[in-house]
Amino acid sequence: LLRTELSMSGSRKNVISKYLNRYAEPESQFGARLERSTDHVLVIPAYDESMFLLTGTRAAFRQARVRGHRVLFIVVVNATEDDKAAVHQRNETLIASLKSQFRTTALHARNETPCWYAQAENCDILILDRNSHGNRLPSGEGVGLARKIGCDLALSAIHAGSTQASLIHTSDCDVNLPSNYFDVKINNLSAALIYPFLHEPCGVVFIDEAHARYEAYLRYYVLGLRHAGSPYAYHSIGSCIAAVPMHYAAVRGVPKLQAGEDFYLLNKLAKVGRIDRTTSSPITIKARRSLRVPFGTGRATNDIAQNIDGYRIYSPRIFDLIKTWLDGLVVLENTSPNTAFESVCHRASKTLGSIDSHRLYTGLTMIGAPQALRSAIAQSPAPAVRQKWMRDWFDAFRTLKLIHALRDTGIVDIPWQDAISEATFCRPLQGINSSTPLRGLDSFQISQSLAQLERGT
């Protein structure tokens, strides 16, 4: 048993070492220069933000200290050359404010990213400057690269023994972390943990209403995928992720994208381990709209607010068809490459009407399912290998592609309250009478009821 554990430990170190040597960002080297060991690590990218980010972490850091633990807090202040001068100035003000609040020492040498280190009361803090002239991020890589820089640095610190952290926590500036944020357990099969969340009203009525509707949609979407039997039924929110270091390294870290980096990171991690939910108190996310990225919560809130009464979401029928498709993959146990797709569609047709059967056939063809099934069969005669190959192929991204393809076949988006009312996977909603139409009910109440349903299943 000891020999096995040592072998696994060596394997983990080799995976991390390979990643750090080949794929990590240059700033990762700062992880080996820290003066004091810590127990947890948290990464937050900061773009056009204020000192509020310290307020949001206070309860979690204080509770960690009560337990005799310290947190390594990595703040990556970032912008691109394309950003306005006012953004650069506010970022500069944030860096100056952080440096003035703590007694910092420079960790960087000449020609390295400016990085300052401080030992504060509740944490050790690293401040990286990817905002000043000559250090800004390339256009199009924004928050994804900023998050990767911080996570790579955290991984390096773990590898060097500068921190004993068993997870790389990453969050955002617009959150309040619960006091028990770091009090989580990791299953040996986990690749990442997802924290529960809720949105806190900001006091601006139309923004709060838009945000509540979007949160209801997020929960509806996850419940729909869970109903379908998808292994990708989890929330992809950058504020709520903690990655297991070895698996983070195995999938080559955070994608360097302007938006959606959280979605694609989890999409990769889900193929090497489980995406588990924590049982901690929820992270509170401040409701706000934002145009800084092309999609995401802030952008969606802004778009919904522009036409709040016209907000529509996917029909629940789409998730029923995805369930039929996933259930049909059982035929992989006994079929040939040339008949696999037709066999899946034939099985589906037994439970679907002719119109929906045609829609599913068309949608699957549009995303390349026939070729994928042939490839899956060719992998191995073992059913488990075929199933794993298809689970990896039909991932979160292709699930979304199939949803859009099915929508294009005529299953159009419908008003958000109608979708939730019609969805069998949204019943029963806690605190809402099942005989009462959802139209006209408080949007936050609907969202909270969906959250309860999500936790209870």
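Guide: Helices, of at least four residues, and strands, of at least two, are DSSP runs numbered from the N terminus. In this predicted model, the protein chain has 16 helices and 14 strands. Proline 428 is located in the loop between helix 15 (416-422) and helix 16 (443-456).

Visitor: What is the peptide bond from arginine 427 to proline 428, cis or trans?

Guide: That peptide bond is cis, and its omega is near -10°.

Visitor: Why is cysteine 426 called buried?

Guide: Buried means under 20% relative accessible area. Cysteine 426 has 2%, and therefore counts as buried.

Visitor: How many disulfides does the structure hold?

Guide: The structure holds 0 disulfides. A disulfide requires a pair of cysteine sulfur atoms within 2.5 Å. For cysteine 426 the nearest cysteine sulfur belongs to cysteine 240 and is 20 Å away, so cysteine 426 is in no disulfide. For cysteine 115 the nearest cysteine sulfur is that of cysteine 123, at 14 Å, so cysteine 115 is in no disulfide either. Cysteine 115 is also buried, because its relative accessibility is 0%.

Visitor: Why is asparagine 111 called exposed, and why is arginine 252 called partly exposed?

Guide: Exposed means over 50% relative accessible area, and partly exposed lies between that and the buried limit of 20%. Asparagine 111 has 78% and is therefore exposed. Arginine 252 has 47%, so it counts as partly exposed.

Visitor: What are the phi values of asparagine 111 and arginine 252?

Guide: Phi of asparagine 111 is near 70°, a positive value in a residue other than glycine. Arginine 252, likewise not a glycine, has a positive phi of about 65°. Asparagine 111 lies in the loop between strand 3 (105-106) and strand 4 (115-119), and arginine 252 in the loop between helix 6 and helix 7.

Visitor: What makes helix 7 mostly covered?

Guide: Of the 9 residues of helix 7 (residues 261-269), 7 are buried. Among them are Phe263, Leu265 and Leu266. The buried residues of helix 7 pack against several elements, including helix 4 (142-160), strand 8 (190-194) and helix 14 (396-408).

Visitor: Why does the radius of gyration of the protein chain agree with that of a compact globule?

Guide: With 457 residues, a compact globule would have a radius of gyration near 23 Å; the protein chain has 23 Å, and therefore the two agree.

Conventions
Residues numbered from 1 in each chain as written. Predicted model: local features only at pLDDT ≥ 70, side-chain atom pairs only at ≥ 80, totals over all residues. Heavy atoms only, no water. Buried < 20%, exposed > 50% of the residue type's maximum accessible area, 1.4 Å probe, protein only. Contact = heavy atoms within 4.5 Å. Rg over C-alpha atoms; globule rule 2.2 N^0.38 Å.
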